[in-house]
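I opened my notebook to look up a few places in this structure. Here are my entries, one topic at a time.

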Amino acid sequence: VDRGRELRRRSLTHTHRHRPCGAGAGAAAATMNRTPVVQVSNVSPVASSEQLRTLFSFLGDIEEFRVFPPDNSPIPVSSRVCYIKYRDPVSVGVAQHLTNVVFIDRGLIVVPFNEGRYLRLCCKFISCWTYLIIYSLFS
């Protein structure tokens, strides 16, 4: 838990080229910084939901946690996607530091997930199952 607090503190003081992280990036960066949800992709199909939850729970209190497809799914997949909703949006910035960390056999990709952006794109690009998972996070 102390390690998670330290990572959150560092995330708040992190700077790029002598300016605060995200400064001058416009409204898009401000919106993404407020979202409490992260999307974790490139998750190994061997990784269990409990392993993922344990990894990301060190970074903040998790309010909602969904993995697609679920552990007990009969569908063979080459990778999985995980959506995590934190109580504190600051945890999203901390979680992004796990991008490219090898978890089991693959590098994770962790990005902030703006629910408004999702609702505009879901019908065009995302499968029905993923839509149902994300919809349940925000309802």
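Entry 1: I looked up Asn 100 and found that, at 61% relative accessibility, Asn 100 counts as exposed. Exposed means over 50% relative accessible area, buried means under 20%, and partly exposed is in between (1.4 Å probe, protein chains only). Asn 100 sits in the loop between helix 4 and strand 6. Helices (H or I, at least four residues) and strands (E, at least two) are DSSP runs, numbered from the N terminus. Asn 100 is not a glycine, yet its phi is positive, about 75°.

I noted next that Ile 104 also has a positive phi, near 65°. Ile 104 is in the loop between strand 6 and strand 7 (106-107). Its relative accessible area is 45%, so Ile 104 is partly exposed.

Then I checked Pro 69, in the loop between strand 4 and strand 5. The peptide bond from Phe 68 to Pro 69 is cis, with omega near -15°. Most residues other than glycine have a negative phi, and most peptide bonds are trans.

**Entry 2: how I read the model.** This is a predicted model, where local features need pLDDT of at least 70, side-chain atom pairs count only at pLDDT 80 or more, and totals for chains, interfaces and linings use all residues. Residues are numbered from 1 along each chain as its sequence is written, and side-chain values use heavy atoms, leaving out hydrogens and water.

**Entry 3: helix 3.** Which residues of helix 3 (residues 49-57) are buried? I found Ser 49, Leu 52 and Phe 56. Seen down the helix axis, these buried residues fall within an arc of 65° (taken from the directions from the axis to the C-beta atoms), so they line one face of helix 3. An α-helix has 3.6 residues a turn, so residues three or four places apart point the same way.

I looked up what covers this face. The cover of the buried residues includes strand 3 (37-43), strand 5 (80-86) and helix 4. Leaving out residues up to four places away in sequence, Phe 56 touches Val 40, Ile 84 and Leu 98, among others. Contact means heavy atoms within 4.5 Å.

**Entry 4: Gln 39.** Gln 39 is in strand 3. At 18% relative accessibility, Gln 39 counts as buried. I found a polar contact from its side chain to the side chain of Tyr 83 (3.0 Å). A polar contact is a pair of N or O atoms within 3.5 Å; within protein, one must be able to donate a hydrogen and the other to accept it, and residues adjacent in sequence count only if both atoms are side-chain atoms.
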